[in-house]
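Q: I have a structure open and want to go through some local details. Can you take me through it?

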Amino acid sequence: MEVDGQNYLIPVDFDAQSEDEVKYKSLAAGMVQDLLHRRGARVAILILDACRDNPYRTWKSTSGGLAENER
């Protein structure tokens, strides 16, 4: 899920009631990417699959799908 330009990996038991809770109840995809890089992985492939529609239509998400990764 993308929130404010950041991608988050959502756990199966995700129960946030608002978009503001996403960063506290999920794992930032950028953190996973940084950990792979810091551990010295010569090759790291991180595949993220996301729907293009916001499943929480009442939330203010500005884009469809994920934000562009920086690496």
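This is a predicted model: local features need pLDDT of at least 70, side-chain atom pairs count only at pLDDT 80 or more; totals for chains, interfaces and linings use all residues.

Q: Which residue other than glycine has a positive phi value?
A: Asp4 has one, with phi near 50 degrees.

Q: What do most residues other than glycine have for phi?
A: Most of them have a negative phi.

Q: Where is Asp4?
A: Asp4 sits in the loop between β1 (2-3) and β2.

Q: And is Asp4 buried or exposed?
A: Asp4 counts as exposed, because its relative accessibility is 66% and the cut-off for exposed is over 50%.

Q: Back to the helix. Which residues of α1 are buried?
A: Helix α1 covers residues 29-38, and its buried residues are Ala29, Val32 and Gln33. Seen down the axis of α1, these fall within an arc of 100 degrees, so they line one face of the helix.

Q: What do the buried residues of α1 pack against?
A: They pack against β2 and β3.

Q: Which residues form the nonpolar patch on the surface?
A: Leu27, Met31 and Leu35 form that patch, and together they have about 230 Å² of accessible area.

Q: Where does Leu35 sit?
A: Leu35 is in helix α1. With a relative accessible area of 36%, Leu35 is partly exposed, because that class lies between the 20% cut-off for buried and the 50% cut-off for exposed.

Q: Switching to loops. Where is Ser26 found?
A: Ser26 is in the loop between β2 and β3.

Q: Why does Ser26 count as buried?
A: Its relative accessibility is 17%, and buried means under 20%.

Q: What does the Ser26 side chain reach?
A: The side chain of Ser26 reaches the backbone oxygen of Val22, at 2.4 Å.

Q: Which residues does Ser26 touch, not counting those up to four places away in sequence?
A: On that count, Ser26 touches Tyr8, Leu9, Ile10 and Pro11.

Q: What about Gln17, where is its place?
A: Gln17 is in the loop between β2 (6-9) and β3 (27-28). Ser26 is found in the loop between β2 and β3 too.

Q: Is Gln17 buried or exposed?
A: Gln17 counts as exposed, at 64% relative accessibility.

Q: And what does the side chain of Gln17 reach?
A: It reaches the backbone oxygen of Asp15, at 3.0 Å.

Definitions and conventions. Residues are numbered from 1 along each chain as its sequence is written. Side-chain values use heavy atoms; hydrogens and water are left out. Helices (H or I, at least four residues) and strands (E, at least two) are DSSP runs, numbered from the N terminus. Buried means under 20% relative accessible area, exposed over 50%, partly exposed in between (1.4 Å probe, protein chains only). A polar contact is a pair of N or O atoms within 3.5 Å; within protein, one must be able to donate a hydrogen and the other to accept it, and residues adjacent in sequence count only if both atoms are side-chain atoms. The arc is that of the directions from the helix axis to the C-beta atoms. Contact means heavy atoms within 4.5 Å. Patches are made of residues with over 30% relative accessible area and no salt bridge: like charges are joined within 9 Å, nonpolar side chains (Val, Leu, Ile, Met, Phe, Trp, Tyr) within 5 Å. Accessible areas come from the Shrake-Rupley method with a 1.4 Å probe; for residues, only the protein chains shown count as cover. A salt bridge is a side-chain nitrogen of Lys or Arg within 4 Å of a carboxyl oxygen of Asp or Glu.
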